[in-house]
Amino acid sequence: MLITFEGIDGAGKSTQIRKLRKWLAEQEVEVLVLREPGGTATAEKIRDILLESRDNISPIGELLLFSASRAELVQKVILPALETGKTVILDRFFDSTTAYQGYGRGIDRRMLQTVIDLSVFSLRPDLTFYLDISPENAMLRKFSEKSLPIAFDDTELDRIERSGLDFFRRVRQGYLDIIKEEAERFVVLDALDKPQTLHKRIIESVSPHVPGKRNPSESSTGDGR
Ligand code: TMP
C-alpha cells in the first residue's frame, strides 16, 4: 500500500507521518517512510540543488530535477518495497509537482503530466492525505517566535519557500482543484485541527486497509498526544 501526504509548506505533514508510522508499527505492519525530493544518495543530492541553491532555477529545470529525483526513488526504493509487501508512506509525490510546478510556476498541465508519467512508472497512491492550511497561517506557524511582517528572502527559508505568498496561494488552489478531479483518492484535513484529532481521522481512513483491522475505535491512537 502506498500512502502519500500533501500540503503546502508548514501544513504539519511531518507530525502526522510520525504518528501514523508509529501506529502502523504497533499494528505490526512493515512500514517504510520516505520523502520527496530525496530518498537515495543521488536524489538527496538533487534535493540539495533544489532547496539549498541560491541560483534562480528555471521552472522547467525545476520540474525536471524534481522528476529525476522521483524516478530514482520510485524505481530503486518504492517499487521494490511494495513488491515485498511493505506499506510505504511518502511525504509528497506527484501531486506536489502538479500543485507547485503546474499551478505555482505556471507550467502547462499537459506537458507536466507527460513528465510525471515518465517518472512514476504507473505508480499511484492508494490513499492521499491533504492537510489544508492558508499560506498566511502556514507562515505564521513557521515564524511563530518571530516578528511580522515576514521577509520572504529570510535565510531560514529554502529556495521554494522564498517564492512568496502569491505563489503559495496558487499552489493551495492547485491542490483544491486536483482533489476535485480525484476525490476518491483524497482525504482532506483541516491542518489547524489538533494533532491528535488529525491522527484519529487518519487512522480511521487507513484502518480498513490494514489486515485484521476494521474498527479503529478498538485500537489505541498512537502516542497519546
Ligand atoms: P519539504 O520536504 O520540506 O516538503 O520540501 C520540499 C519542497 O519541494 C516543498 O517546498 C515542496 C517542493 N516540491 C515541489 O515544488 N515539487 C515537487 O514535485 C515536490 C516533491 C516538492
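This is a predicted model: local features need pLDDT of at least 70, side-chain atom pairs count only at pLDDT 80 or more; totals for chains, interfaces and linings use all residues.
Two residues are in contact when heavy atoms of theirs lie within 4.5 Å. On this basis, 76% of the contacts in the chain with a separation of 6 or more are between residues 24 or more positions apart.

The chain contains eight helices and five strands. Their order along the sequence is β-α-β-α-α-β-α-α-β-α-α-β-α. Of the 225 residues in the chain, 50% are buried.

In soluble globular proteins, nonpolar side chains tend to be buried together. In this model, the largest nonpolar core has 38 residues, and Phe5, Leu20, Tyr100, Phe129 and Val206 have the most contacts inside it. At least two residues of this core come from each of the following elements: strand 1 (2-6), helix 1 (13-26), helix 2 (41-52), helix 4 (94-104), strand 4 (127-132), helix 7 (165-181), strand 5 (186-190) and helix 8 (195-206). Helix 7 supplies the largest share of the core, with six residues. Another core, of 18 residues, lies apart from this one; Leu73, Val88, Ile107 and Leu123 are among its members.

The surroundings of Phe129 can be listed residue by residue. When residues up to four places away in sequence are not counted, Phe129 touches Ile3, Thr4, Phe5, Glu6, Val187, Leu189, Ile202, Ser205 and Val206. Asp132 is located in strand 4. With a relative accessible area of 17%, Asp132 counts as buried, because the term applies to values under 20%. Beyond its neighbours within four places in sequence, Asp132 is in contact with Arg172, Leu176, Leu189, Asp190 and Ala191.

Aromatic rings were examined next. A pair of aromatic rings is described by the distance of the centres and the angle of the planes. Six aromatic pairs are found in a search of the whole structure. One of these is the tilted pair of Phe93 and Phe94, with 4.8 Å from centre to centre and 45 degrees between the planes. Phe93 is buried, its relative accessible area being 0%, and Phe94 is buried with a value of 5%. In the pair of Tyr130 and Tyr175, the ring centres are 5.0 Å apart and the planes stand at 35 degrees, so this pair is tilted. Because Tyr130 lies in strand 4 and Tyr175 in helix 7, the pair ties together parts that are 45 residues apart in sequence. Both Tyr130 and Tyr175 are buried. Elsewhere, Tyr100, Phe167 and Phe168 are linked into a cluster by ring pairs.

The ligand has 14 residues around it, of which Asp9, Arg47, Arg92, Thr97 and Gln101 come nearest. Polar atoms of three of these side chains were compared with atoms of the ligand. In the side chain of Asp9, an N or O atom is 2.8 Å from an oxygen atom of the ligand. For Arg47, a polar side-chain atom lies 3.0 Å from an oxygen atom of the ligand. The corresponding distance for Gln101 is 2.7 Å, from a polar side-chain atom to a nitrogen atom of the ligand. On its own, the ligand has 480 Å² of accessible area, and the protein covers 92% of this.

Definitions and conventions:
Residues are numbered from 1 along each chain as its sequence is written. Side-chain values use heavy atoms; hydrogens and water are left out. A nonpolar core is a set of buried Ala, Val, Leu, Ile, Met, Phe, Trp, Tyr and Cys residues joined through side-chain atoms within 4.5 Å. Buried means under 20% relative accessible area, exposed over 50%, partly exposed in between (1.4 Å probe, protein chains only). Helices (H or I, at least four residues) and strands (E, at least two) are DSSP runs, numbered from the N terminus. A residue is near a molecule or strand if one of its heavy atoms lies within 4 Å of it. A polar contact is a pair of N or O atoms within 3.5 Å; within protein, one must be able to donate a hydrogen and the other to accept it, and residues adjacent in sequence count only if both atoms are side-chain atoms. Accessible areas come from the Shrake-Rupley method with a 1.4 Å probe; for residues, only the protein chains shown count as cover. Rings of Phe, Tyr and Trp (its six-membered ring) pair if their centres lie within 6.5 Å; planes under 30 degrees apart count as stacked, over 60 as edge-to-face and the rest as tilted.
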